Amino acid sequence: MAWNTNMRWRLPLTCLLLQVAMVVLFGVFVRYSPEADAHWIEGKEPGNRSSDLENEFYYRYPSFQDVHVMIFVGFGFLMTFLQRYGYSSVGFNFLLAAFGIQWALLMQGWFHSFHDGYILVGVENLINADFCVGSVCVAFGAILGKVSPVQLLIMTLFQVTLFSVNEFILLSLLNVKDAGGSMTIHTFGAYFGLTVTWVLYRPNLYQSKARQSAVYHSDLFAMIGTLFLWMYWPSFNSAVSNHGDAQHRAAINTYCSLAACVLTAVALSSALHKKGKLDMVHIQNATLAGGVAVGTAAEMMLMPYGSLIVGFICGIVSTLGFVYLTPFLESRLRIQDTCGIHNLHGMPGVIGGIVGAVTAACANSQVYGQEGLAHAFNLDGFKTEWSASLQGSFQAAGIFVSLAMALVGGLIVGGILKFPIWGQASDENCFEDAIYWEVPEEPKNAASHHEDSTLKAPEP
Amino acid sequence: MAWNTNMRWRLPLTCLLLQVAMVVLFGVFVRYSPEADAHWIEGKEPGNRSSDLENEFYYRYPSFQDVHVMIFVGFGFLMTFLQRYGYSSVGFNFLLAAFGIQWALLMQGWFHSFHDGYILVGVENLINADFCVGSVCVAFGAILGKVSPVQLLIMTLFQVTLFSVNEFILLSLLNVKDAGGSMTIHTFGAYFGLTVTWVLYRPNLYQSKARQSAVYHSDLFAMIGTLFLWMYWPSFNSAVSNHGDAQHRAAINTYCSLAACVLTAVALSSALHKKGKLDMVHIQNATLAGGVAVGTAAEMMLMPYGSLIVGFICGIVSTLGFVYLTPFLESRLRIQDTCGIHNLHGMPGVIGGIVGAVTAACANSQVYGQEGLAHAFNLDGFKTEWSASLQGSFQAAGIFVSLAMALVGGLIVGGILKFPIWGQASDENCFEDAIYWEVPEEPKNAASHHEDSTLKAPEP
Amino acid sequence: MAWNTNMRWRLPLTCLLLQVAMVVLFGVFVRYSPEADAHWIEGKEPGNRSSDLENEFYYRYPSFQDVHVMIFVGFGFLMTFLQRYGYSSVGFNFLLAAFGIQWALLMQGWFHSFHDGYILVGVENLINADFCVGSVCVAFGAILGKVSPVQLLIMTLFQVTLFSVNEFILLSLLNVKDAGGSMTIHTFGAYFGLTVTWVLYRPNLYQSKARQSAVYHSDLFAMIGTLFLWMYWPSFNSAVSNHGDAQHRAAINTYCSLAACVLTAVALSSALHKKGKLDMVHIQNATLAGGVAVGTAAEMMLMPYGSLIVGFICGIVSTLGFVYLTPFLESRLRIQDTCGIHNLHGMPGVIGGIVGAVTAACANSQVYGQEGLAHAFNLDGFKTEWSASLQGSFQAAGIFVSLAMALVGGLIVGGILKFPIWGQASDENCFEDAIYWEVPEEPKNAASHHEDSTLKAPEP
């Protein structure tokens, strides 16, 4: 079936409509947080020179920029591994993230930063908006190559909304700790995306199989994404933790977990190939599972060896997933998971939730100190009497809530995206930039690359 | 006409001469600022533990590194979109920027950091030197592919000088605020570059048209540049703002403007293509126009929705410029603008100057607070009595001064570069790395890429 | 001779064995430093709001992330210049660095952070671990393309050990200052790697010559590595310097040295080519020599012009090395140095050690201030009476110790790696990813890249 993939009116109208809505809603609701407002100077006691640095900006901004790179370059380039889908991977990720961060500022703002009728935004809101969009980028990985940009914008609209509701339930109602988002970002994002791709199942996708693989250079582009995700993940998991030791600890734990994960991913990749050769897909993805899986517990007293163990396990689980589970999901469960997000975000996200629940349940004042324990788990107000095991139970509940939200939300959004009116490509035209992009012709022959044939007498 | 493009003596002599001059001038003039001098420790009161962090280094260094990436990777890779000009794009940008930052440290130092016969440099000088070179990178975009490295070094020498004079007029004489450089960097850089390329008009450039386009991979390399510019632009616009709320606010405003700009650029790119397909040129460039256009006003109380509106407009203006204005400029005004800098830096820069002037003219003590208003616009000393509208008028004057400096300076420098002695390529050899670079031969046949044909019995 | 390059059991077992050892050793030895421990909050005086920022995290974390990027993207992509060795360059660098940072945390921890039976790790340990691995990445450059991943892991194991011993001798016994590691990282790493490659000499390596060169795109990938190394080098040299002016000064000096180095590298590259053309190898490598050579002295009062002079000289020395010395080393001394690390790290490292010794020997209280001098060179305790020239002598001794450690260590490790059991490739199969990686088939014909041939009726 040849569907109409012409975006000429659908995409412009969708973009403009959404952007106009953002302008109006920002005009009505969004103002600066006190630390970004020009009145801030009045609040500082004169003579206290150190006060400028006490602005939240200096605690969070370097981490924010690292997270920002992960969302746009990390996720964007990670998905360029397909031979003819580089423009779309980077470009559509750019588009959906640019819309998503605006909508997330609003949605998360209404839930968490709403004061006197206004959402007051500061650098922490920017980080959280990037986080929220991160879960959309995860889901994008499952449907990569099979959807139109209009579908992506619609999915972003709904997923950001559901993300914010789920995040509110976890962080504000269940009092769960999830600084690096193992549950809110990865588990939710992955199972949401997998449900959407299940609804959008394409029985004849084999017709595009020739393009659903890498070429030599596209794998190197993808490594740019992998490495920026890997390197900046310590910033991701520590970006919104408490000031001081919690940020510090989260960075150390993530660093350790990721390092261990690389070695086990390489080990499994080689062991599972009949000639012992490494597979770029595993190196690009499974090496990151350790960062996902310490998302919840990174700011806790997980201990460096605890982080190594988490990374160790996830490198193995994730690589096994790519080799055995992804083909199974596709053939038996009709889940076509282009980037294998179930292996990188789904299972490690759930593991991360469990690790967080166990670590929280084991917390005690000997390890944290009396004051440290209260500070780490916000044990004040009505939580003063909470025990560690109660915190652990609520953490565990967070996993199930996230999964339920993802499945139900994914079914609904998948259903909406299934209408054949959004300009999606037909099965034989998937994974192809030329559907939505003006693609340059390749040079007619390699000869045009040689110096002598086209250049005329460059020097005497 | 076959010009002599042999660089053998011209380029080495130019480089060495300029570098020796830098060494001598640095030896005579440049010393460390007090905050980078070993005597600094003596100025701290003992017992005040917080004093180490009060070093300007910690306020500015993360932003500096982001700006540094924008200049070298951002601009360098943005220009690699041409199929056979990647080495030159990255390499010449590297060369001119490495020279330019040294010369800018001197020129800007004489104007702004000169004390007792010495230029005292600290991290803020490094940022400003990178900013100044940014305007040269902008101008480079207009003449990309048509000039020799010697011409670029000469242009850099003059442009940095003119930039510093213009910046001094704006910031010190007109008391203009322009933290993100909409006027000093983008407007000046773009119209300077456009004037130079107008003077260097090549009537037979169509002979190189085959190389003046992208190939698939070169567009992906260019996206690396685009994304690093886009992601780090909040650091660019906030890097030299006042400590605390101003830096914080500038980052938020830039983040918002850039996000809006992506959606409208995508919308217009699709709407203006007969089949609704996106054009990589627009995605690579027009998505950045929002960052240019909030350069002046980002640190002001522009409000997040104000930033969205600016980004909204600039995404449209910039994309329209690529589709309609660039061909018009080339055919009618004989302005050959390789990278379309008029659309990315020229028009958005002027819009940014206007937005800044209007925002400044609307400033009042209700929005800023009494103290905040004085702090934001330096309303002390002789400016104590300045009204907002007076500040706005001076801001507007800054646009015209920048334009005038750019046009006059561009005419003079263009005239100098027009002499046929600098090793520029002939019209049919433009946009070709092989003129100035040792370029590797392509593999003779694709077969050499196959595993089996060249490898011998890798295992038993 | 066709060696067995099948990694199926060797690589997985090596990885798993090493990683299990890391888990056990971390479990026994590694805990959080007080600044990353949940008890930290108890140590802060209540009411002192500024105390959160006094956490070491905020002094070092932005620099840490820059260094992290240099190790994984910088070194990884710098080595992708080979036409068919991109996967291995990035992937093996990733693998060895991920293992190396864990082992370095332990080794350096035992020497420098060992308290009451535990290694207490904080952000400074992470930076130092990255530094240590940097020296392994340097050595990797010499043997690139000629070793198996198992050999790399074994080399990393030994080299990290030797590095830590050498570092302990220099920093703790000889009281040498070497913040940017000219001696400990670059001199040691380069001569270690050169010795190893000398031991592993391959007389028939010419059989792989066809693959030991670049193609157009691989050179652009390598420029990503070059630029991230170049841009972030100021962070590298300042990352572990004293708080405040020393970090500030180290960044300024490195910035200046690197800028000068670019101009002289370009000058020499052009002057040494018969048609004056630039060579990508020089631009990718020699432009970085200035960063290496101010490693030791960057935090000292070298003065900006001093830094320019160092960069000036190293750009020349390094480029001359590539043109004249590397071929000589290969043909006469049987040292096959794939990446030319002798030119980028070896000679500039030694120059850096000498510059550091001279700068230290010239230090006086007029330039540094009495207190500043004592602070800069830790002249307290038994060093109270040290003269500048004594410090200079010890600095110079550090060079020789590093060279001796590198040569002896390289001989031993080279000998171990020479056993034909590690899965190394035969001479005709060097520089080829397909030995150790599953490499995608290239598309059968260029036609498959054209829009019209494979896409069917994308729109009506």
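**Salt bridges and a nonpolar patch**

What I like here is where the two partners come from. B:Glu432 sits in the loop between helix 16 (388-418) and helix 17 (451-454) of chain B, while B:Arg84 sits in the loop between helix 3 and helix 4 (86-112), so this pair ties together parts that are 348 residues apart in sequence. Please keep in mind that we are looking at a predicted model.

Are these two partners buried or exposed? B:Glu432 counts as buried because its relative accessibility is 3%. B:Arg84 is buried as well, with a relative accessible area of 2%.

Over all chains, the structure holds 24 salt bridges, and I'd like to show you a few others. Staying with chain B, take a look at B:Arg60, which forms a salt bridge with B:Glu56, the closest N and O atoms being 2.9 Å apart. How many residues separate them in helix 3? They are four residues apart in that helix (residues 56-78), which means that about one helical turn lies between them. Both B:Arg60 and B:Glu56 are buried.

Now please turn to chain C. There, C:Glu56 and C:Arg60 form a salt bridge, again with a closest N and O pair 2.9 Å apart. C:Glu56 is buried because its relative accessible area is 15%, under the 20% cut-off. C:Arg60 is buried too, with a value of 4%.

And chain A? Which residues are linked in a network of salt bridges there? They are A:Glu56, A:Arg60 and A:Glu124.

A:Trp198, A:Leu407, A:Val408, A:Leu411 and A:Ile412 make a nonpolar surface patch of about 480 Å². Which helix gives the largest share of the patch? That is helix 16 (residues 388-418) of chain A, with four residues. A:Trp198, for its part, lies in helix 7 (residues 182-199) of chain A. With a relative accessible area of 42%, A:Trp198 falls between the 20% and 50% cut-offs, so it is partly exposed.

How values were computed
Residues numbered from 1 in each chain as written. Chains lettered and ligands numbered in written order. Predicted model: local features only at pLDDT ≥ 70, side-chain atom pairs only at ≥ 80, totals over all residues. Heavy atoms only, no water. Patch = residues over 30% accessible without salt bridge, like charges linked within 9 Å, V, L, I, M, F, W, Y side chains within 5 Å. Areas by Shrake-Rupley, 256 points an atom, 1.4 Å probe, with all protein chains shown as cover. Salt bridge = Lys/Arg side-chain N within 4 Å of Asp/Glu carboxyl O. Helix = DSSP H or I, 4+ residues; strand = E, 2+ residues; numbered from the N terminus. Buried < 20%, exposed > 50% of the residue type's maximum accessible area, 1.4 Å probe, protein only.
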